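Here is a briefing on one protein model. Keep the sequence and the 3D view open while reading.

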Amino acid sequence: MSQEIVKMAAQPGASRDRRVTTMMVSGIVAVVLAVAAITLPVPYVIESPGPAINTIGEFNGHPIITVTGHDSFPSTSGSLDLTTVHMTGGLPDSQINFFEAVKSWLTPSHTLYPAEMIYAPGVSQEAVNSENSAAMTGSQENATAAAFKALGIDYETNLSVASIPEDGASAGILKPDDVLLTIGGKTVTDLSVIQSVLAEGKGAAVELKIRRAGAEKTLSVTPKLGSEGKYLLGISLQNTFKFPFDVKISLENIGGPSAGMIFALGIMDTLTEGDLTGGKLFAGTGTIDPEGNVGAIGGIAQKMVGARSNGADYFLAPGANCGDVVDHIPKGLQVVKVDTLSEAYEAVSLIGEGGDASTLATCK
């Protein structure tokens, strides 16, 4: 009898031990799951302010803009800062976790985007870097062309082949970097000449004179009818330039086309006597085309923060970005709206000479 009582009395204690063990195990599992949830990658991209770099200054001890074969006048004061953004996450080899996403969501100077809004599925960091590098090279050439045009310096411009789809009409006939000289006997000055000749031919083969590796060739291509009812050569085109002297822009680990306008201003300042900025601190962003038109870019809110953090008092913003500028301007930064290189140059010149900056256009 006494043994049975002892046994029965021991059962409640054993039950409590099991409950405690179960609770401990459940707690550990919950912690592990919570940690896993926080540290597992999430499909988002963080956009945050990047560095601002003075294009009329030096980078790693060397001038960013150098000119060979023509008089140049490096600036001794002031700044024309290009602005950048950091892009973190969203790629197979560059991902963020839940904690980082929440932290950025709560940080006013950061923006969080679903990865599919920024990158194509499966694209690698290497591919993104390569694309950004090509865009930077293109923007520098466009900046030089726009600056030369604004200063009245003549140069040669051509259209060349950028790429050829495998199923395009020119596949196996044209090659990347071929320079188009004539089509159907007409000099290729711009895209409209090509479109006009193809439309008149109504699908008939056209004769192309090209320059490939320094040698001229005559080839025949039969265009294909595109989805929009226009006859196409099946190529993408790019501007190529032959400048009368060399302008070199040396800047590492910065990609994309958004510094085009600031590069153009820096080139104009370098090729003209005196300091365009008058010693004042400017920053800005915007793409540029050879005609001097300023285009929209991404991440302008972060770029304004980076500009102000680097000491800029004035910021040149593309008019097309005004919707992203309003309500995001850091305290102490005056934003000037520009749509062309000439407007940007006139704004910097006015402020540099001590003019009334309040008369300049701004984003509203």
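H3 passes H5 in a right-handed crossing. The model is a predicted one.

**Helix packing**

- Helix H3 spans residues 125–151, and its axis comes within 8 Å of the axis of H5. The two axes cross at roughly 45°. That angle makes H3 oblique to H5.
- H5 covers residues 260–271 and also meets helix H8, residues 341–352. Here the axes come within 10 Å and cross at roughly 60°.
- H5 and H8 are therefore oblique to each other. Perpendicular would need 65 to 115 degrees.
- The H5 and H8 crossing is right-handed.

**Salt bridges**

- How many salt bridges does a search of the whole structure find? The search finds six.
- Glu 156 sits in strand S9 and Arg 211 in strand S12 (residues 206–212), so the bridge ties together parts that are 55 residues apart in sequence.
- Glu 156 is partly exposed, at 34% relative accessibility. Arg 211 is partly exposed too, at 27%.
- Arg 212 pairs with Asp 178, with 2.8 Å between the closest N and O atoms. Arg 212 belongs to strand S12 and Asp 178 to the loop between S9 and S10, so this bridge ties together parts that are 34 residues apart in sequence.
- Are the two partners buried or exposed? Arg 212 is buried, with a relative accessible area of 18%. The cut-off for buried is under 20%. Asp 178 is buried as well, at 1%.
- Asp 339 and Lys 337 form a salt bridge through their side chains, at 3.5 Å, N to O. Asp 339 is partly exposed, with a relative accessible area of 32%. Lys 337 is partly exposed at 25%.

**Positive phi outside glycine**

- Asp 177 is not a glycine, yet its phi is positive, at about 80°. Asp 177 lies in the loop between S9 and S10. Asp 177 is exposed, with a relative accessible area of 55%.
- Ala 213 is not a glycine either, and its phi is positive, at about 55°. Where does Ala 213 lie? Ala 213 is in the loop between S12 and strand S13 (215–221). At 86% relative accessibility, Ala 213 counts as exposed.

**Nonpolar surface patch**

- Which residues form a nonpolar patch on the surface? They are Phe 98, Val 102, Trp 105 and Leu 106. Together they have about 460 Å² of accessible area.
- Leu 106 is in the loop between helix H2 (98–105) and strand S8 (111–114). Leu 106 is exposed, with a relative accessible area of 59%.

**Pairs separated in sequence**

- Asp 167 is in the loop between strand S9 (156–163) and strand S10 (179–183). Asp 167 is exposed, at 60% relative accessible area. Asp 167 and Gly 234 are 67 residues apart in sequence, with their C-alpha atoms 7.8 Å apart in space.
- Ser 309 lies in helix H6, residues 300–309. Ser 309 is exposed, with a relative accessible area of 64%. Ser 309 and Gly 50 are 259 residues apart in sequence and 10.0 Å apart in space, C-alpha to C-alpha.
- Pro 63 lies in strand S4, residues 62–63. Pro 63 is partly exposed, with a relative accessible area of 38%. Pro 63 and Pro 74 are 11 residues apart in sequence, and their C-alpha atoms are 8.7 Å apart in space.

Notes:
Residues numbered from 1 in each chain as written. Predicted model: local features only at pLDDT ≥ 70, side-chain atom pairs only at ≥ 80, totals over all residues. Heavy atoms only, no water. Patch = residues over 30% accessible without salt bridge, like charges linked within 9 Å, V, L, I, M, F, W, Y side chains within 5 Å. Areas by Shrake-Rupley, 256 points an atom, 1.4 Å probe, with all protein chains shown as cover. Salt bridge = Lys/Arg side-chain N within 4 Å of Asp/Glu carboxyl O. Helix = DSSP H or I, 4+ residues; strand = E, 2+ residues; numbered from the N terminus. Buried < 20%, exposed > 50% of the residue type's maximum accessible area, 1.4 Å probe, protein only. Axes fitted to C-alpha atoms, helices over the stretch in contact; angles between N-to-C directions. Parallel < 35°, antiparallel > 145°, perpendicular 65-115°, else oblique. Left-handed = near helix turned anticlockwise from the far one by under 90°.
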